[in-house]
Amino acid sequence: MAAVSHQNSAIDVTSIPEAPKAKIATPPSKVIKQYKPQGQWTLHRLASSSEFLCLQCNKRKKAKLIAIRHNQWDDLCCNACYGLKLSKAK
Ligand SMILES: [Zn+2]
């Protein structure tokens, strides 16, 4: 007689699929001050001057003041461009 094999159809809930790791950009240096957001932009003061690429003027900058858009550290803006934006916004 053929034994009826027991089919285990239970879903294994212990294996949680790993969420894809989003690459989160971080500040190039320690943020010591965060200014009030102005529109999409938030200005930050870093503990030390850091090199970064301003995506507004496309220039490499070295500064303590860096503005970021939408709180994302992959969309950086130098203090000069940030100032221009604020003056244009008025
Ligand atoms: Zn700039």
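## Strands and overall layout

Two strands count as paired when DSSP finds at least two bridges between them. That rule matters for this model, which is predicted. The protein chain holds one helix and four strands.

The chain has 90 residues, and 10% of them count as buried.

Strands of a sheet pair through backbone hydrogen bonds, either parallel or antiparallel.

## From S1 to S2

S1 covers residues 31-34, and S2 covers residues 41-54. The two pair in the antiparallel sense over three bridges. Look for Lys-33: its bridge partner in S2 is Arg-45. S1 and S2 form a hairpin, with six residues between them. In the turn, Gly-39 has a positive phi of about 65 degrees.

Gln-40 also sits in the loop between S1 and S2. Is Gln-40 buried, partly exposed or exposed? Gln-40 counts as partly exposed because 14 C-beta neighbours lie inside 10 Å; to be buried, a residue needs 20 or more. Leaving aside neighbours within four places in sequence, Gln-40 is in contact with Arg-69 and His-70. Gln-40 and Arg-69 are 29 residues apart along the chain, yet their C-alpha atoms are separated by 5.4 Å.

S2 and S3 (residues 59-69) pair in the antiparallel sense over ten bridges. Cys-54 stands opposite Lys-59 in S3.

Two loop residues deserve a look. Asn-58 is in the loop between S2 and S3. Asn-58 is not a glycine, but it has a positive phi of about 55 degrees. Asn-58 counts as exposed because it has 8 C-beta neighbours inside 10 Å, and the limit for exposed is 12 or fewer.

Asn-71 lies in the loop between S3 and S4. Asn-71 has a positive phi of about 60 degrees, although it is not a glycine. Asn-71 is exposed, with 11 other C-beta atoms within 10 Å.

## The nonpolar core

In soluble globular proteins, nonpolar side chains tend to be buried together. Which residues make up the largest nonpolar core in this model? The core has nine residues in all: Trp-41, Phe-52, Ile-66, Ala-67, Ile-68, Leu-76, Cys-77, Cys-78 and Tyr-82. S2, S3 and S4 are the elements that give two or more residues to this core.

Trp-41 is one of the core residues. Set aside its neighbours within four places in sequence. Trp-41 is then in contact with Ala-67, Arg-69, Cys-77, Tyr-82 and Lys-85. Arg-69 is also a contact of Gln-40.

Terms used. Residues are numbered from 1 along each chain as its sequence is written. This is a predicted model: local features need pLDDT of at least 70, side-chain atom pairs count only at pLDDT 80 or more; totals for chains, interfaces and linings use all residues. Two residues are in contact if their C-beta atoms, placed from the backbone, lie within 7 Å. A nonpolar core is a set of buried Ala, Val, Leu, Ile, Met, Phe, Trp, Tyr and Cys residues joined through C-beta atoms within 7 Å.
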